[in-house]
Amino acid sequence: MPEFNKHSEGPNNAGPQPHRCNGHLEDVLVGLSSWPMDVAKPFGVFWQCIKSQPGQEPVRYSQRSTSAEPNTSS
């Protein structure tokens, strides 16, 4: 019988999962690759995510900026 890590309850066949703040990091990287660079605000949201408890992550920066824009379609 294989021995598992003391934090593991058994084999996990789902494979590696991305970090819960991965989307927030993507927002920072998008900000780095855009002109003009938009890094400070996405990084602040990313840092809030890192410090938050699992399940209490802040809304992604990219979702904040798109939801804050008024709907211009008629």
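## Salt bridges and stacked rings

At 32% relative accessibility, Arg20 counts as partly exposed; buried means under 20% relative accessible area, exposed over 50%, and partly exposed in between (1.4 Å probe, protein chains only). Keep in mind that this is a predicted model: local features need pLDDT of at least 70, side-chain atom pairs count only at pLDDT 80 or more, and totals for chains, interfaces and linings use all residues. Residues are numbered from 1 along each chain as its sequence is written, and side-chain values use heavy atoms, with hydrogens and water left out.

So who does Arg20 pair up with? Its partner is Glu57, in a salt bridge (a side-chain nitrogen of Lys or Arg within 4 Å of a carboxyl oxygen of Asp or Glu). Searching the whole structure turns up two salt bridges, and here they are:

| Salt bridge | N to O distance | Residues apart |
|---|---|---|
| Glu57 and Arg20 | 3.0 Å | 37 residues |
| Asp27 and Arg60 | 2.7 Å | 33 residues |

Both pairs link distant parts of the chain. Arg20 sits in the segment before helix 1, while Glu57 is in the loop between helix 2 and helix 3 (61–68). Helices here are DSSP runs (H or I, at least four residues), numbered from the N terminus. Glu57 is partly exposed at 28%. In the other bridge, Asp27 belongs to helix 1 and Arg60 to the loop between helix 2 and helix 3. Asp27 is buried, with a relative accessible area of 8%, whereas Arg60 is partly exposed at 24%.

A cis peptide bond joins Trp35 to Pro36, with omega about 0°.

Rings of Phe, Tyr and Trp (its six-membered ring) pair if their centres lie within 6.5 Å; planes under 30 degrees apart count as stacked, over 60 as edge-to-face and the rest as tilted. That rule gives two aromatic pairs. Phe43 and Phe46 make a tilted one, 5.9 Å centre to centre with 50° between the planes. Phe46 is buried at 14%, but Phe43 is partly exposed at 40%. The rings of Phe43 and Trp47 have centres 6.3 Å apart and planes at 15°, so this pair is stacked. Together, Phe43, Phe46 and Trp47 form one aromatic cluster.

Key: Helices (H or I, at least four residues) and strands (E, at least two) are DSSP runs, numbered from the N terminus.
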